[in-house]
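Good morning, colleagues. Please look at the sequence and the structure together while I go through the charged contacts, the fold and one surface feature.

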Amino acid sequence: MNVDRQKIAEELKEIESEIDNGDIEPAKEKVRALRGRFDVTDVTLSSGDRTIGIEIDIWSYEYEDSIYFVTSDHTSIIDAISDLVSDHIPKLANPSIGRNKSAEATAAEIRNDKNVVSSNSYEKINLDDEIHIHTDVYYMRASIDYKGEVVRNITNPDSRKIVENTKTVVNRAEEDGKK
C-alpha cells in the first residue's frame, strides 16, 4: 500500500483544528480511524529512508519475550542503539537497575516507545539493517549479534557497554565485508 502523505497531513490538520476548537471526541474518533487505515508497516515502508530494525530478546526462568524497534530516523546501527535501546538493556538484564521491577514489567514499559512495533509488523517491514540483542536476566548479561558477529556475556551491562560493544560487532562485520 502506498501512503499519500499529503492526505495524512490534511487529516492531521483537521484533527488538530478540532482539538483547538474543543471537539475532543470527534478528534479521537478520527485518530482511531486513521490508525485503523494505516499499519505501521505501511508508513515505515513508504518513508524511503534507511530502515533499521532492532530485536531485543528477553530471557529469564520466569519470562521470555521479544521487543522490536524500527527506525528510519537514524543513519547507523550504532546511533539507533545509542538513542533507542542502550538505556533499556541494563534494566532488562538486571532488575535491580530498574528499581527492582521484573523483566516483564520493564518490557511492558518499553513497549510504549513510539518505535516499538509488533512481531508481525516487524516481519513485514523491509529492513535495510538489523541487529539482535539478547538479555539474560538470570545471569544479568547481554549479547549483541550483527551480521554473524557476536559479542557475548556483557555482564551487568550499562548503556556505555552496550554502545561500545555494538561498535565492536559493527566494525567486525564491516571488516569481514571487505575481505
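Lys147 forms a salt bridge with Asp129, the closest N and O atoms being 4.0 Å apart; a salt bridge here is a side-chain nitrogen of Lys or Arg within 4 Å of a carboxyl oxygen of Asp or Glu. The pair links distant parts of the chain, with Lys147 in the loop between β5 and β6 (149–155) and Asp129 in strand β4, 18 residues apart. Helices (H or I, at least four residues) and strands (E, at least two) are DSSP runs, numbered from the N terminus.

This is a predicted model, in which local features need pLDDT of at least 70 and side-chain atom pairs count only at pLDDT 80 or more, while totals for chains, interfaces and linings use all residues. Residues are numbered from 1 along each chain as its sequence is written, and side-chain values use heavy atoms, with hydrogens and water left out.

Are the two partners buried or exposed? Lys147 is exposed, at 61% relative accessible area, whereas Asp129 is buried, at 6%. Buried means under 20% relative accessible area, exposed over 50%, and partly exposed in between (1.4 Å probe, protein chains only). Asp129 and Lys147 also belong to a network of salt bridges with Arg50.

The whole structure contains 7 salt bridges. One of them joins Arg111 to Asp65, with the closest N and O atoms 2.2 Å apart. Arg111 lies in the loop between α6 (103–110) and β3 (116–117) and Asp65 in strand β2 (residues 64–71), so this pair ties together parts 46 residues apart in sequence. Arg111 is partly exposed at 34% relative accessibility, and Asp65 is partly exposed at 26%.

Another salt bridge connects Arg160 with Glu164, at 3.1 Å between the closest N and O atoms. Both residues lie in helix α8, 4 residues apart, about one turn of the helix.

Turning to the fold, the protein has 8 helices and 6 strands. Of its 179 residues, 41% count as buried.

How do α4 and α8 pack, and at what angle? Helix α4 (residues 77–85) and helix α8 (residues 159–178) pack at about 165°, with their axes 9 Å apart; axes are lines fitted to C-alpha atoms, for helices over the stretch in contact, and angles run from 0 to 180 degrees between N-to-C directions. That makes α4 roughly antiparallel to α8, a label for angles over 145 degrees.

Finally, Tyr139 lies in the loop between β4 (129–136) and β5 (141–146) and is partly exposed, at 43%.

Methods: Parallel < 35°, antiparallel > 145°, perpendicular 65-115°, else oblique.
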